[in-house]
Each structure stands twice: as C-alpha cells, then as structure tokens.
Amino acid sequence: MEKKNNTPAPTQQVAQKRNQWKEVWRRLRQNKMAMVGLAILIILALAAIFADVIAPNGFDNQVIKDRFQTPNSTHWFGTDNLGRGVFDRVIHGARVSLSIGIISVSIAIVFGGLLGALAGFYGGRVDNVIMRSMDILLAIPSILLAISIVSALGGGLFNVMLAVGISSIPGYARIVRASVITLKGQEFIEAARAIGANDSRIIMKHIIPNSLAPIIVQGTLGVAGAILSAAGLSFIGLGLSPPNPEWGAMLSGGRDYIRDHMHMTLFPGLMIMATIFALNLLGDGLRDALDPKLKN
Amino acid sequence: MTKKPLLEIKNLHVHYITNEGTVQAINDLNLELYPGETLGLVGETGAGKTTTALAMMRLVPNPPGKIVSGEVLYKGKNLVEMKEADLRKIRGNQISMIFQDPMTSLNPIMTVGDQIREGIMLHQKVDKATATKRAMDMLEVVGIPMERYDEYPHQFSGGMKQRVVIAISLSCNPEILIADEPTTALDVTIQAQVLQLMENLKVEFDTSMLMITHDLGVVAKVCDHVAIMYAGTVIEHAQKHKLYRTPKHPYTIGLFESIPNVHETTERLKPIIGLMPDPTDLPTGCTFHPRCPHAMDICKVEFPEVTHLSDEHWVRCHLYPADKEVE
C-alpha cells in the first residue's frame with residue numbers, strides 16, 4: 001500500500017526517552033521501607049555469596065567438646081548438638097534457603113502465571129482443561145504433592161526446588177486467571193486488537209503487566225512459604241541430606257533441644273523471619289513503584 | 001456513479017448467540033464508504049452501530065458474536081473470509097478505530113507515547129528510535145506537547161486522552177478511520193475541539209471516515225453522507241443535505257421532528273411513539289412497522305428492499321417502490 005507522506009514539522013529534540021525501569025527505580029527509592037527491605041536482602045545475598053569468607057569454619061566443622069554453647073565471642077550464635085557453630089551454618093544455609101525460596105517461587109510464577117493467563121484469556125475449553133488440572137493439583141495437599149515429587153525424582157537441591165515450585169503453581173494460576181478475566185473485557189484490550197496486535201503480544205504487553213501487582217505480593221509471601229516447605233521436606237528426610245545447612249532443616253534439628261538450647265532454633269528462625277520481612281517490604285514497595293497511578 | 005466505494009458492506013448479518021436467545025444485532029445491512037468522504041452512521045442506542053463498526057474489522061467478540069452471512073469488501077477483498085494474520089496487517093494500518101470511551105481505551109500502565117509507538121512498530125518496518133520520533137510527532141499533531149510522551153493516561157484529561165487515541169489511530173496513515181461515538185464521553189466544549197481536530201486531520205491525512213454517533217448535530221458538522229440505522233439495518237442512506245432537507249423514511253422524518261428547532265415556534269415536539277424492538281424478537285416484515293404512522297399490510301409481512309430515489313439516496317421502505325419493481 002502506498003503511504004502518504006505527511007510527516008509533521010521536524011522536532012528538534014530527538015527521541016530521548018527516559019527508561020521506564022529507571023523511573024520505577026526512582027519511585028522505589030522514595031519508599032524508605034522498601035529500601036530497608038532491599039538492604040536486608042542485599043546483606044543476606046552478600047552473606048550467601050561470601051559465606052566462605054564470613055564463616056571460614058564451614059558448615060560441618062564438628063567439635064564435640066564445644067557442643068551446646070550459648071552465644072559467645074567465638075561462636076556468635078552458639079553451637080549445636082554436634083558442636084558446629086550455628087552462625088557458620090546459618091550463613092552457609094543462606095545459600096541454600098535463599099535459592100530454594102527464590103527459584104521455586106520463580107518456577108511457580110512463570111508456569112502458574114502463563115497457565116493462568118492462557119486459561120483466562122482463551123476461556124472455554126482451554127480454560128476448563130487447564131483449571132481442572134490445577135484443581136487436581138490443588139486437591140492434593142501441597143506438602144504431600146511435594147513429597148511425592150521428591151520421592152519420584154530423588155532428593156537434592158534442584159529437585160526440592162522443583163517439587164516446591166510445582167506444588168505452588170495452582171495458586172498463582174488462579175490469581176492470574178482471575179485478573180486476566182477482568183482485564184480481558186477492558187476496552188484497551190479491544191483497542192490493542194484494533195491496531196493489529198496479535199494474541200501473544202496482547203498477553204505479554206497488555207495483560208500480564210496489568211496483572212503484575214497481585215503476583216508480586218503473592219510471590220514475596222510465597223518465598224517464605226517455599227522456604228518452609230523445603231524445611232518440611234528436609235525434616236522428613238526427603239529434602240537435603242543432613243550435613244547440608246538449610247534454615248528449615250536447622251529449625252527442625254534444633255526442635256528436640258528447644259527447652260534448654262533455644263539458640264539452635266532461634267537464629268535460623270530469625271533468619272527466615274528477616275528474609276520474609278525484607279521480601280514483604282520490598283514487594284509492597286515494588287507493587288507501588290510499578291503502578292504509575294500511585295506516582296508521587 | 002463513477003466512484004468505487006473503498007469499503008462496502010453487503011447483506012451483513014451479525015448475531016449474538018446467548019443462552020437467553022439469539023440477538024439479531026445486524027440484519028441485512030448495506031453500507032458504502034467512498035474514498036475521502038465522511039459517512040455518518042446514526043441510530044438509537046442498540047441499533048447495532050458499534051457492532052457494525054466491529055464487524056468492519058472483524059472484531060465482533062466471538063463467542064457470543066458471530067458474523068452469520070454477508071460480505072465486508074475492502075478494496076474488493078472480503079474481510080469476513082480473510083485469514084486472521086492478513087487481517088492483522090489491515091487493522092490499525094489501513095483501517096483503524098477510535099473507541100467510545102477514552103478513559104478505558106488506553107492501557108493504564110503504559111506511557112501514552114509507547115502506546116502510540118506500539119501501532120507504528122507493529123505495521124512499519126522502522127527501528128525503535130524512528131518509531132519513538134514518529135510517535136512524538138503524532139502527539140504534536142494532535143496538539144499535545146511531546147514532552148508528555150513519558151506520561152501515563154491517568155495524568156491526562158478526558159479530552160487529551162481522546163487526542164491520544166486519535167493519534168494512535170492515525171499513526172499509520174490509515175485509509176479508513178472508524179470513530180465510534182468519539183465525543184460521547186466528553187463534555188460539550190471539548191466535543192467541539194475534538195471534532196474540529198478530527199475534521200482537520202481527516203483532510204491532512206486524506207482519510208475516509210465512518211463517524212458513528214447518535215447526535216444529528218455532530219453529523220451536520222462533520223459528515224458528507226449519512227446512513228440512518230434502525231434495528232440492525234440501514235434504512236436510509238443519503239447525502240447530508242438531501243437527508244436533512246428531504247428525509248424519506250418515516251423513521252428519519254420522525255427523528256427530525258423530535259429535534260427542537262430554534263427558528264420555529266412549536267408547541268410540542270413530535271416524538272416517535274414506541275420503543276426500539278427487542279433484538280431477540282424482531283417484528284416480522286419491516287422492523288419499523290409497529291411504530292410507523294404509514295404502516296401498510298405489506299409492511300407486516302415483507303422486509304423492504306432497497307429503493308434508489310436518486311444517485312446517492314436510497315431508502316428501505318414500502319412507501320417507495322423498490323428498484324426492481326420500477327424496472
């Protein structure tokens with residue numbers, strides 16, 4: 001088709017567009033609580049990365065004569081029933097727990113989100129097939145589902161992530177589906193179609209970004225849940241094998257001694273709490289920063 | 001008639017199939033849009049104006065909507081039978097649409113500039129920077145400073161949002177612009193501005209326009225031709241001046257009689273008695289016969305065919321002998 005040429009008066013300022021992510025970052029920075037959350041997370045992440053430097057004793061340095069020490073200058077968080085420093089184990093455990101939490105939630109968000117978006121967008125038979133399979137997954141208690149996946153695939157870090165991730169897919173699928181259904185009827189989706197956008201573009205560019213807020217909130221809460229589920233798996237012996245430090249496993253390991261040596265459960269518990277707290281603060285801030293309507 | 005219509009709708013039927021019954025939204029509709037002209041599509045709420053517009057781009061939501069039969073010919077190609085992928089190349093590029101409510105037809109979390117750029121990038125093989133530049137130019141064209149490229153729809157007023165929507169729809173120099181009640185959601189002063197803008201841009205971009213409205217004042221201002229719709233079909237189609245001076249169909253006459261005239265003293269306006277028929281249960285024969293002051297026996301049985309009164313004036317009414325009977 002021949003295009004008519006009627007370019008309006010040339011503009012002196014050439015396409016100098018502010019980056020949208022820079023804008024989000026600027027708004028996030030204004031939120032003090034979110035920055036506190038981010039700071040805690042960065043500290044935890046650094047601790048996990050440099051665990052070998054911060055805690056050079058390693059996570060499995062058993063010194064039997066030093067067992068059950070309360071926190072002191074050598075062992076900041078005390079020692080456990082095998083004489084291993086709780087501090088060393090907590091720091092090394094950050095590696096495992098943080099990656100389990102974040103990766104398994106990412107698995108759940110990506111697959112759950114995509115399935116939910118497809119179900120909500122296409123409706124009808126697609127919706128039925130996807131959501132009924134999600135219902136089947138939901139019908140099985142998630143921990144039981146995770147147990148069966150781990151027992152089928154075997155233990156190990158990645159399989160634990162996979163098991164925890166898969167068992168939380170239905171929740172995300174439902175959330176996304178619900179918001180997609182409300183979005184689908186909006187006029188701007190029709191307008192996008194009227195300028196010739198195809199389905200995948202409409203889903204990726206218009207529907208998913210608009211349904212991000214509930215996913216972010218659910219996701220940050222979900223990291224906590226994932227760490228705890230992984231802990232549950234470790235507890236029944238299906239997660240990581242014993243010498244490996246993992247906050248949940250440390251919690252359940254210290255359970256027997258909680259009456260006399262509560263530092264064994266206190267510190268891993270505090271770490272889980274701090275992580276979840278930080279993620280929630282950041283998640284709230286991120287949700288606000290991503291919503292242009294709340295600008296300033 | 002020497003001019004060939006750019007877009008022609010032939011015997012279109014669109015139904016919405018719901019559990020409560022089949023809604024016959026469009027019944028045997030005929031329409032022609034000529035290059036460079038503005039056609040006003042006028043009708044009451046529920047007459048099927050929006051469905052007609054959607055059907056022209058095959059955007060009727062399916063389900064429940066279904067184009068049952070008929071043709072939509074754009075430059076001789078039938079859009080009803082076209083492949084979805086080919087149709088996407090036409091949508092927004094050659095035929096584009098302005099929606100009724102600017103408040104909801106923009107994506108709330110995308111900057112207005114990016115929304116204009118989206119259409120350009122979809123249809124024209126240009127890189128991002130060029131597309132951004134062109135989107136900025138489009139903003140200027142509709143009278144919005146391009147510094148506002150990075151702002152979000154909620155930072156704009158209703159009239160400005162509608163300008164953005166107009167910018168989006170014109171960004172690819174379409175041949176046909178469908179405007180679905182573009183001014184209904186705006187207040188009167190802004191209405192005038194937006195209409196003026198659309199009129200200017202229509203000339204500047206050399207676009208044909210289908211203006212859907214229920215406001216005969218808007219029609220008088222911007223249109224060249226007018227099609228009057230009733231219960232899913234066009235019952236009268238004429239040049240604007242002809243239609244305003246010598247309306248032929250009893251429904252059209254009724255419409256004009258129910259508009260107050262500032263130059264005459266009239267005691268009372270003459271409304272058209274009755275209501276639009278229920279589209280799930282249309283009257284037999286001519287759909288207007290239960291309300292028509294001139295209803296005859298034949299009106300109850302037979303749906304009237306097209307009668308050409310003159311070159312560009314046709315009507316569907318038994319009061320005027322149909323084309324084939326004259327021959």
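Let's start in chain B, where helix H1 (residues 49-56) lies across S1, S2 and S4, running at about 70 degrees to S2(B). Bear in mind that this is a predicted model.

The strands under discussion belong to an open sheet of 4 strands in chain B, ordered S2-S1-S4-S5 with antiparallel pairing. Its edges are strand S2 (21-33) and strand S5 (77-78) of chain B, each of which pairs on one side only. Inside the sheet, strand S1 (residues 7-18) and strand S4 (residues 65-74) of chain B run antiparallel and are joined by 8 bridges. B:Tyr16, for instance, stands opposite B:Gly65 in S4(B).

Over in chain A, helix H12 (residues 247-254) packs against helix H13 (residues 263-290) at an angle of about 150 degrees, with the axes 8 Å apart. Angles over 145 degrees count as roughly antiparallel, so that is what H12(A) is to H13(A). The crossing of H12(A) past H13(A) is left-handed. On the H12(A) side, A:Trp247, A:Met250, A:Leu251 and A:Gly254 take part, and they meet residues of H13(A) including A:Met264, A:Pro268 and A:Ile272.

Now for where the chains touch: chain B puts in 39 residues and chain A 27 residues. On chain B's side, the elements giving two or more residues are helix H2 (84-90), strand S6 (95-98), helix H3 (112-123), helix H4 (128-141) and helix H6 (188-205). H4(B) supplies the largest share, 7 residues.

Here is the make-up of two of these contacts by class:

| Contact | Nonpolar | Polar | Charged |
|---|---|---|---|
| H12(A) with H13(A) | 7 residues | 3 residues | no residues |

Methods
Residues are numbered from 1 along each chain as its sequence is written. Chains are lettered from A and ligands numbered from 1 in the order in which they are written. This is a predicted model: local features need pLDDT of at least 70, side-chain atom pairs count only at pLDDT 80 or more; totals for chains, interfaces and linings use all residues. Two residues are in contact if their C-beta atoms, placed from the backbone, lie within 7 Å. Axes are lines fitted to C-alpha atoms, for helices over the stretch in contact, and angles run from 0 to 180 degrees between N-to-C directions. Angles under 35 degrees count as roughly parallel, over 145 as roughly antiparallel, 65 to 115 as roughly perpendicular and the rest as oblique. A crossing is left-handed if the near helix is turned anticlockwise from the far one by less than a right angle, and right-handed if clockwise. Ala, Val, Leu, Ile, Met, Phe, Trp, Tyr, Cys and Pro count as nonpolar, Asp, Glu, Lys and Arg as charged, and the others, Gly among them, as polar. Two strands pair if DSSP finds at least two bridges between them.
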